[in-house]
Number of protein chains: 2
Amino acid sequence: MPNDISRPIVFSAAGRRAGPPTIAALMNAALENPSLLSLAAGFTDNGSLPLPAVRQAVEDLAKVGAMEPLQYGTNQGRPGLRRMLAAHLRTWEPDLAEADTERNFFITNGSQQALYLAMQVLCEPGDIVLVDRPTYFVYLEMIKAMGIRAVSLPVNAAGRLDEAGLDELLHKLVGAGEAERIKAVYFVSYFSNPSSRSLDAAEKVMLARVLARRSLILPVIEDAAYRDLYYTMRPEAPSVLSIDAWSDFPKLYLSTLTKPFATGLKVGYGYCTDREWLARMLHTKGHHDFGSPNFNQAVLERVIASGGLTTQLATIRPRYEAKMLALHETLVGEGVEQAGWTWNKAQGGLYLWLKGPDHVDTRLDAEFCRRCIDAGVLYVPGDLCFGDDIAVNYMRLSFGVLAEPELREAGRRLAEVARSF
Amino acid sequence: MPNDISRPIVFSAAGRRAGPPTIAALMNAALENPSLLSLAAGFTDNGSLPLPAVRQAVEDLAKVGAMEPLQYGTNQGRPGLRRMLAAHLRTWEPDLAEADTERNFFITNGSQQALYLAMQVLCEPGDIVLVDRPTYFVYLEMIKAMGIRAVSLPVNAAGRLDEAGLDELLHKLVGAGEAERIKAVYFVSYFSNPSSRSLDAAEKVMLARVLARRSLILPVIEDAAYRDLYYTMRPEAPSVLSIDAWSDFPKLYLSTLTKPFATGLKVGYGYCTDREWLARMLHTKGHHDFGSPNFNQAVLERVIASGGLTTQLATIRPRYEAKMLALHETLVGEGVEQAGWTWNKAQGGLYLWLKGPDHVDTRLDAEFCRRCIDAGVLYVPGDLCFGDDIAVNYMRLSFGVLAEPELREAGRRLAEVARSF
């Protein structure tokens with residue numbers, strides 16, 4: 001007999017901090033009105049989901065009578081898959097020592113779980129994490145629920161990390177006695193969510209040097225979720241894993257097989273250079289779930305072994321580029337630039353990041369957002385993507401899930417509102 | 001360049017509390033010596049893992065071109081699967097209102113994740129949870145890592161909940177000013193891990209009444225992971241969901257499709273009667289992973305819809321009974337009773353719970369355990385299964401994973417050590 005009449009539960013501080021996602025209102029609007037076109041959802045392309053490859057992988061497992069994938073796996077993840085991910089990472093970072101890689105990998109329920117574990121073992125409520133500006137808003141909501149403060153790494157007008165600003169920020173934090181509270185640095189380094197930009201090598205080197213100058217040899221979390229999703233040109237900058245200036249820093253490199261292959265299998269992964277950090281995350285993962293689904297990992301082993309990941313990437317890269325262009329060109333054609341908005345074409349990933357005129361307020365409860373919902377289009381308000389010093393005239397548009405005709409229609413609806421403001 | 005030379009990381013309290021599982025030593029022993037027979041691992045029967053059913057489900061999805069299971073799902077879990085689980089729960093609890101069930105269900109990465117979420121939103125370090133005696137040792141390790149204290153519900157010599165003892169315990173806790181620290185009651189109610197016993201209806205009613213008498217209307221967590229794994233007789237006792245004495249208590253009923261179907265798919269579920277408790281767990285799950293793999297849930301929908309879960313249960317029930325008997329009869333035949341050990345035959349589930357003579361110490365670092373490892377057999381030391389007032393002469397034997405001939409051999413090895421003590 002379900003009931004809601006029991007005496008009020010006294011929740012823990014963590015329980016009390018756990019609120020609904022900020023974009024719950026958008027999600028509800030989308031549910032209530034199916035004719036709304038969502039440029040908000042960070043979903044992937046429906047038309048290219050690799051059902052045949054997954055079916056073949058399961059068929060292959062069935063043919064050889066491989067029942068073990070239906071048994072519990074290990075907490076750290078399948079060794080075979082970890083070896084494959086190590087080999088994959090070495091295609092990006094050829095200088096990584098082969099012997100060290102498998103041991104340092106772990107499999108998670110999407111890279112989101114790895115982010116959570118990293119924060120959980122590092123931070124107390126009140127601690128500080130330095131984040132890129134703008135940054136992944138789901139990460140910001142997560143750390144907010146953990147009571148962690150986000151402090152943005154300063155950027156210049158071009159959106160590049162700003163050395164003088166960074167130095168001043170750290171000087172201020174250290175001077176305010178906050179040095180000990182800064183527990184990590186986090187950034188999305190390739191085709192970022194939300195900004196689609198990639199950090200270049202010089203920015204990464206500079207960041208390490210400025211931190212080291214202040215003796216802030218912090219754990220660094222490089223979120224490389226979109227690295228494989230370049231359209232035509234492989235991003236050039238090496239990861240922090242291969243940059244000398246970062247060599248003394250404990251490093252956690254995160255990526256995923258969700259965006260490059262199938263979000264529905266929910267297999268993410270991390271590579272951690274620090275044994276104790278890794279061990280504590282794994283012990284904590286043991287308590288969370290003692291291991292991600294073994295079956296999904298076995299399916300992905302088959303997929304990778306048979307070249308299915310490479311094939312899928314070859315399929316989706318031009319699709320996402322075409323989708324990006326469909327949205328971009330619609331916005332250009334519909335005069336959104338003339339209405340005072342600026343953005344860069346994406347070279348990879350799933351997002352366009354639009355800056356509006358100063359007088360536009362894109363927040364959820366503002367007129368612009370209401371008008372967009374009335375016009376039948378949703379976006380992610382940019383204010384959610386700032387750790388602090390929030391700007392309110394940005395929006396994130398995702399072109400991942402809608403088909404090209406829908407993207408053009410969504411662009412037209414958005415443009416109409418933008419022009420009228 | 002992986003390195004371990006970075007400056008020491010300052011971990012959070014949660015990070016510092018996260019240590020290796022107590023049975024890591026056993027797991028390592030098993031890895032180092034493959035000829036060891038493990039009665040410790042809580043794995044399921046390898047020979048009956050439902051590969052054909054999973055293959056068919058994937059084939060069915062492929063045939064109708066169902067690509068959506070490879071897309072992100074929802075944080076709460078697939079509505080279709082939740083409806084099926086609601087229908088399944090109503091086969092046990094026919095009085096549950098149909099309309100309330102789907103809404104109150106959520107899908108987790110094994111029921112372990114639901115346990116973690118429940119504790120995370122309820123408890124601060126130093127808080128108390130009342131637990132059955134003995135109880136699920138993985139749960140005990142988890143709450144220990146969260147800084148939560150376990151206090152055992154007193155039992156009599158027959159292992160049944162003891163009303164007078166319980167009343168005295170609560171009186172003592174309330175008198176010590178600890179009433180506010182008690183945040184939940186947890187028990188494994190059917191074919192328990194480790195003891196294989198089920199709580200009967202009278203015990204459940206009594207527990208609610210004694211708690212209510214002390215105004216301790218606490219959140220109750222009923223772990224029903226093994227309920228479907230009865231051998232021949234459906235367990236009679238209703239869940240707390242259907243017992244009037246519990247009607248004012250916030251209730252979380254947990255179960256899983258891992259043990260009854262496939263652990264490798266790692267789909268567990270919870271049913272929560274309290275909207276706010278459920279909401280806070282779901283918000284927290286959103287931060288952990290924003291949803292368990294959609295694909296696995298879609299596969300299980302197909303499996304359940306086609307009767308595959310029923311078929312699998314019909315297959316494994318007699319298999320587990322036969323395995324239980326193989327181990328039980330070996331122990332009897334090899335004179336383990338004469339050596340002073342007692343246990344009950346299991347009526348369901350995966351475990352035998354053996355009580356040894358008073359002078360036997362089964363702990364990991366004691367002679368008995370070392371002798372068993374030397375003899376080539378592993379068990380779970382019973383001390384790990386007590387929340388407090390630890391007894392050291394018990395062991396948990398799992399007959400889930402080994403085949404019958406191996407179970408008999410493992411039983412002989414164990415008996416040899418038992419007889420020599």
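Trainee: Which residue is the bridge partner of B:Y186 in β6(B)?
Mentor: In this predicted model, B:Y186 has B:I221 as its bridge partner in β6(B). Strands here are DSSP runs (E, at least two residues), as are helices (H or I, at least four), and both are numbered from the N terminus.

Trainee: How many bridges join β5 to β6 of chain B?
Mentor: Four bridges join strand β5 (residues 182-188) to strand β6 (residues 220-223) of chain B, and the two run parallel. Strands count as paired if DSSP finds at least two bridges between them.

Trainee: What is the strand order of the open sheet in chain B?
Mentor: The order of its seven strands is β2-β8-β7-β6-β5-β3-β4, with mixed pairing. At the edges are β2 (105-109) and β4 (149-152) of chain B, each pairing on one side only. From one strand to the next, the twist averages 25°, where axes are lines fitted to C-alpha atoms (for helices, over the stretch in contact) and angles run from 0 to 180 degrees between N-to-C directions.

Trainee: What about numbering and cut-offs?
Mentor: Residues are numbered from 1 along each chain as its sequence is written, while chains are lettered from A and ligands numbered from 1 in the order in which they are written. As the model is predicted, local features need pLDDT of at least 70 and side-chain atom pairs count only at pLDDT 80 or more, whereas totals for chains, interfaces and linings use all residues.

Trainee: Changing topic, what is the mean pLDDT of chain A?
Mentor: The mean is 95, and 98% of the residues of chain A reach 70 or more; pLDDT is the predictor's confidence in each residue, from 0 to 100. Over residues 1-6 of chain A, however, the pLDDT is below 50. Where pLDDT is low, the predicted coordinates should not be read in detail.

Trainee: And how many residues of chain A are in contact with chain B?
Mentor: In chain A, 80 residues are in contact with 81 residues of chain B, contact meaning that the C-beta atoms, placed from the backbone, lie within 7 Å. The largest share of the chain A side, ten residues, comes from α10(A).

Conventions: Two residues are in contact if their C-beta atoms, placed from the backbone, lie within 7 Å.
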